[in-house]
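Welcome! Have a look at the structure below, and then let us talk it through together.

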Amino acid sequence: MKKDFMWGVATSSFQIEGSNDIDGKIRSIWDEFCDTPEKIKNSDHAKIACDHYNKFSDDFNFLDELGVNCYRFSISWPRIVKEDLKTKNQKGLDFYHRMINNLLDRGIEPFLTLNHWDIPQIFLEKGGWTNRDCIKYFLEYSDIVSREFGDIINYWITHNEPWVISNCGYKDGIHAPGEKSVYDSLKVNHHLLVSHGQAVPIIRSNSKDSEVGIVLNLTPGMPASSSSEDQKATLLFNQFFNDWFLDPLYGKKYPDEVAQDWISNGLIPGIDFINDNDYDIISTPTDFLGINYYSRAIIRSDSISESDNLPIEIVAGEKTDFDWEVYPDGLENLLIDVHRRYSPKSIYITENGCAYDYPIESDGDILDTKRVEYLESHIQACRNAVDKGVPLNGYMHWSLMDNFEWAEGYCKKFGLIGIDFETLKRTPKKSFWKYKEIINS
Ligand code: GCO
């Protein structure tokens, strides 16, 4: 079953499922991180989260109500394997069978993500993404899942946002596993990309006629002024944030200027972890590129003093609760730019959304007007890009419901559906009804 334009919503396992220690699930690096003091705002944890593990069928009633024809979710690797990272845990697989069949019965196309960050703690103890030898465990897991679901899943995503995995987890230390090394973060990037390229043929051979891709979070940088310093800083930002992934995935090498900048600043000894053939593996052709877009970045150089630089010409507009600027034009331009520079066969917006906290009114409604505006303006940006020839084939809003926002705990709310985390009561927001209206029109 393949559809025309895909309208959907996105979620991820650790952020919504809860039930973190049942049915044979082994410990994940995020269970460990949540148990480490001071890592998560308000000491929140995801032991229950949205209790989606038990409530998925009720949650999928909301998908019917919305009228979406696809749903992006992730599989929790620690539910799928035992401690040896090889033997399958059938109870975990059975949970996803129930979930996927429930979607298929409703005529909703599942987009399955293999790695949305909640990886086994034991994988980390064996060296994790910094250790090239550990790639084999990810391939083992990809093989198990794609054999199991190969005949019912048509859309596969290997990794979600390698930039966030490596930068937040290994450079800035604000996500699991909380490490702080630029060099390690680059090795992690590289091993994620190599493992992606090696997983693609495995998935294809287990799931004939399916589409396989990867999801990148892309944030276009724009110079704050026309000064050469701001232009240079923007080039480095874009290479670090976006091109570092896009270039090797689409047949080029890692961008040079930013690598030289890290080396000359003494942050890394060199890019010495690339084996022969790695670029060929990473650029294994895929069927689509998933793009997560939230905002742009306005870049100001810190290489000279503010008073020596030209005055700032671009100022950020309105911001969400995450301090991310609302900038729909950035999405249109990004789509056009990626299409022009890399020509992916097909593109999906696999995440787009905003954090806003609105109370429940006395009549029970949640009037999240700013989310409604965000939704409308970003879908319009997608339309404009399609009109200009971009092969955009779907839009998935982040997220179906408020959930566990990683280091931010439950205080950042991205859902079309509000959740009272005391009672777990679900309340569709005004944006939910607006999205339904857009899809139906
Ligand atoms: C990410 C993830 C999601 C987040 C969302 C909002 O982009 O960080 O894919 O898990 O919850 O993006 O931050």
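This is a predicted model: local features need pLDDT of at least 70, side-chain atom pairs count only at pLDDT 80 or more; totals for chains, interfaces and linings use all residues.

Visitor: Which radius of gyration does the chain have, next to that of a compact globule?

Guide: Happy to start there! For 441 residues, a compact globule would come out near 22 Å. The chain agrees with that, its own value being 21 Å.

Visitor: What percentage of the residues is buried?

Guide: Here a residue is buried when its relative accessible area is under 20%. Applied to the 441 residues of the chain, that gives a buried share of 60%.

Visitor: How many helices and strands are in the chain?

Guide: The chain holds both kinds of element.

Visitor: Why is arginine 106 called partly exposed?

Guide: Buried means under 20% and exposed means over 50%, with partly exposed in between. Arginine 106 falls in that middle class because its relative accessible area is 21%.

Visitor: Which backbone oxygen does the side chain of arginine 106 reach?

Guide: Setting aside neighbours within four places in sequence, arginine 106 is in contact with Ser57, Phe60, Asn61 and Asp64. Aspartate 64 is 42 residues away in sequence, yet its C-alpha is 7.3 Å from that of arginine 106. As for the backbone oxygen, the side chain of arginine 106 reaches it at 3.3 Å, and it belongs to phenylalanine 60.

Conventions: Residues are numbered from 1 along each chain as its sequence is written. Side-chain values use heavy atoms; hydrogens and water are left out. Helices (H or I, at least four residues) and strands (E, at least two) are DSSP runs, numbered from the N terminus. The radius of gyration is taken over C-alpha atoms; the globule rule is 2.2 Å times the number of residues to the power 0.38. Buried means under 20% relative accessible area, exposed over 50%, partly exposed in between (1.4 Å probe, protein chains only). Contact means heavy atoms within 4.5 Å. A polar contact is a pair of N or O atoms within 3.5 Å; within protein, one must be able to donate a hydrogen and the other to accept it, and residues adjacent in sequence count only if both atoms are side-chain atoms.
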